[in-house]
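Welcome, and please open the structure in your viewer. We will go from stop to stop, with something to select at each one.

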Amino acid sequence: MTTAIPATATSTPASNLSGAYLPEIISLAKRGLFWAVLYGLFTRGSQGGCVTATAADAAATCYTATLEPSPVVWVAMAVVFVISLSRASRATETSVVVRVLRRAATAMWALPLLAAVIGLVTFFAADPAAWVHTTPPPNVTVEITTQ
């Protein structure tokens with residue numbers, strides 16, 4: 001005697017959900033790559049000048065400071081992408097997958113944009129003497145010459 005197992009109303013398996021959202025996942029990856037490239041292109045800056053210790057000093061200390069993109073931002077974007085894919089693949093409801101992908105998409109543009117704005121503002125608002133007499137941040141290169 002064969003007993004048929006009745007079909008129950010269960011949610012779609014997680015593997016089917018993540019497969020159904022493959023275009024959105026690919027779109028998320030493309031947007032993340034786009035913002036990562038923009039961050040790398042536009043988070044660059046340089047400033048230079050000369051600082052004299054006193055008015056009586058004839059020799060001035062000149063500097064050239066160069067801002068480069070921070071690799072920490074790219075690592076953070078990759079972590080957001082991997083974690084969002086992990087959470088989306090484990091989701092059992094469509095609304096959870098959509099929410100995870102939307103939050104990841106927001107983080108993918110917010111992270112590099114905020115990092116670029118904060119980096120550029122602090123770089124160009126810094127006191128020139130700070131570049132000469134202190135240790136600069138890791139993504140800033142300072143070349144000092146004496147005239």
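Start by selecting helix 4, residues 94-125, which gives the most to the lining of the largest pocket, with 4 residues. Helices here are DSSP runs of H or I with at least four residues, strands are runs of E with at least two, and both are numbered from the N terminus. The model is predicted, so local features need pLDDT of at least 70 and side-chain atom pairs count only at pLDDT 80 or more, while totals for chains, interfaces and linings use all residues. Residues are numbered from 1 along each chain as its sequence is written, and side-chain values use heavy atoms, with hydrogens and water left out.

**The pocket**

Stay with the largest pocket, which holds about 170 Å³ of space. Select L67, G119, T122, P137 and N139, the closest to its centre of the 14 residues that line it. A pocket is found on a 1 Å grid over the protein atoms alone, as an open set of points where a 1.4 Å probe fits, with protein on both sides within 12 Å along at least five of seven lines; lining residues have an atom within 4 Å of a point. Grid points are joined across faces, edges and corners, and the volume is the space filled by probe spheres set on the points. Now colour the lining by residue type: 9 are nonpolar, 5 are polar and none is charged. In this scheme Ala, Val, Leu, Ile, Met, Phe, Trp, Tyr, Cys and Pro are nonpolar, Asp, Glu, Lys and Arg are charged, and the others, Gly among them, are polar.

**The nonpolar cores**

Next, select L28, M77, A88, V97, L101 and M108, the residues with the most contacts inside the largest nonpolar core, which has 17 residues. Such a core is a set of buried Ala, Val, Leu, Ile, Met, Phe, Trp, Tyr and Cys residues joined through side-chain atoms within 4.5 Å. Buried means under 20% relative accessible area, exposed means over 50%, and partly exposed lies in between, with a 1.4 Å probe and protein chains only. Helix 2 (22-42), helix 3 (71-90) and helix 4 each give two or more residues to this core, and helix 4 gives the most, with 7. Apart from it lies another core of 6 residues, among them Y63, A65, F123 and V140.

Zoom in on F123, which lies in helix 4. Is F123 buried or exposed? It is buried, with a relative accessible area of 2%. Then select S46, whose C-alpha is 8.6 Å from that of F123, although the two are 77 residues apart in sequence.

**The salt bridge**

Now select E68 and R44, which form a salt bridge with their closest N and O atoms 2.3 Å apart. E68 sits in the loop between strand 2 (61-67) and helix 3, and R44 in the loop between helix 2 and strand 1, 24 residues apart. The rule asks for a side-chain nitrogen of Lys or Arg within 4 Å of a carboxyl oxygen of Asp or Glu, and the count comes to 1. E68 is partly exposed at 30%, and R44 is partly exposed at 45%.

**Zooming out**

Finally, show the whole protein, with its 5 helices and 3 strands. Along the sequence they follow the pattern α-α-β-β-α-α-α-β.
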